[in-house]
Amino acid sequence: KYVTCINCDSFDPCKSMMNTKKFFNDHKQIMAFHGYQSFEPGEVSGEVAHEIGVKLVEELYGNRFEVVVATHVDKNHIHNHFLLNSTSFVDGKRFCNTKKDYQMLREISDKLCLEYGLSIIKNPKKYPDFSIIESEKTKGEIFISPDIAICEECKEELYDPKDRRYL
């Protein structure tokens with residue numbers, strides 16, 4: 001119900017993203033990045049969570065990258081998932097996923113949540129090491145990004161043959 005494609009075809013975002021890569025001759029291994037934004041249980045509706053997620057992505061990446069925003073409302077906590085093409089549709093430059101990018105994501109998310117009267121994490125954990133790890137390969141040919149792989153509910157959704165909303 002809550003899926004928005006930004007800068008890509010809403011009927012086939014994967015094809016849009018692959019066409020961008022093809023146009024800029026990008027054959028690098030990392031195809032896309034996955035991010036997420038969670039809310040306290042009972043604090044926000046799916047509609048508001050999705051609106052916040054779309055605003056977040058538009059502010060951060062809307063002028064350079066293709067992104068899909070999907071809001072999950074069927075779990076005990078409402079949360080957004082972001083799938084970001086690693087290649088810019090503007091100039092073919094790649095998204096680097098640095099500590100600065102993570103910090104900007106957090107700052108803008110917090111700003112939007114405060115604007116909507118929602119809670120934020122006051123003292124977020126500091127991660128001394130920031131690295132990209134290889135995706136986990138399980139159950140056939142599906143590659144799971146590391147952050148999805150640690151969310152058991154999200155991992156189960158990927159393998160549910162009756163529920164292919166996001167793949």
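Two strands count as paired here if DSSP finds at least two bridges between them. Keep that in mind for the views below, which show a predicted model.

**View 1. Strand S1 lines up with strand S3.** S1 and S3 (residues 67–72) run antiparallel and are joined by four bridges. For one spot to look at, find Val 3: Ala 70 in S3 stands opposite.

**View 2. Four strands make an open sheet.** Reading across, the order is S1-S3-S4-S2, and the pairing is antiparallel. S1 (3–6) and S2 (32–38) sit at the edges with a single partner strand each, so one side of each has no neighbour in the sheet. On average, neighbouring strands are turned by 15° against each other, if you ignore direction.

**View 3. Helix H2 packs on the sheet.** Which strands does H2 touch? They are S1, S2, S3 and S4 (79–85). The direction of H2 makes about 160° with that of S3.

**View 4. Helix H2 crosses helix H3.** The axes of H2 (residues 46–61) and H3 (residues 99–115) come within 10 Å and cross at roughly 135°. That makes the two helices oblique to each other, and H2 passes H3 in a right-handed crossing.

**View 5. Here are the residues where H2 and H3 meet.** From H2 come Ile 52, Lys 55, Leu 56, Glu 59, Leu 60 and Tyr 61. On the H3 side they meet Met 104, Leu 105, Ile 108, Ser 109, Lys 111 and Leu 112. Sorted by class, this contact has eight nonpolar residues, three charged ones and one polar one.

Key. Residues are numbered from 1 along each chain as its sequence is written. This is a predicted model: local features need pLDDT of at least 70, side-chain atom pairs count only at pLDDT 80 or more; totals for chains, interfaces and linings use all residues. Side-chain values use heavy atoms; hydrogens and water are left out. Axes are lines fitted to C-alpha atoms, for helices over the stretch in contact, and angles run from 0 to 180 degrees between N-to-C directions. Angles under 35 degrees count as roughly parallel, over 145 as roughly antiparallel, 65 to 115 as roughly perpendicular and the rest as oblique. A crossing is left-handed if the near helix is turned anticlockwise from the far one by less than a right angle, and right-handed if clockwise. Contact means heavy atoms within 4.5 Å. Ala, Val, Leu, Ile, Met, Phe, Trp, Tyr, Cys and Pro count as nonpolar, Asp, Glu, Lys and Arg as charged, and the others, Gly among them, as polar.
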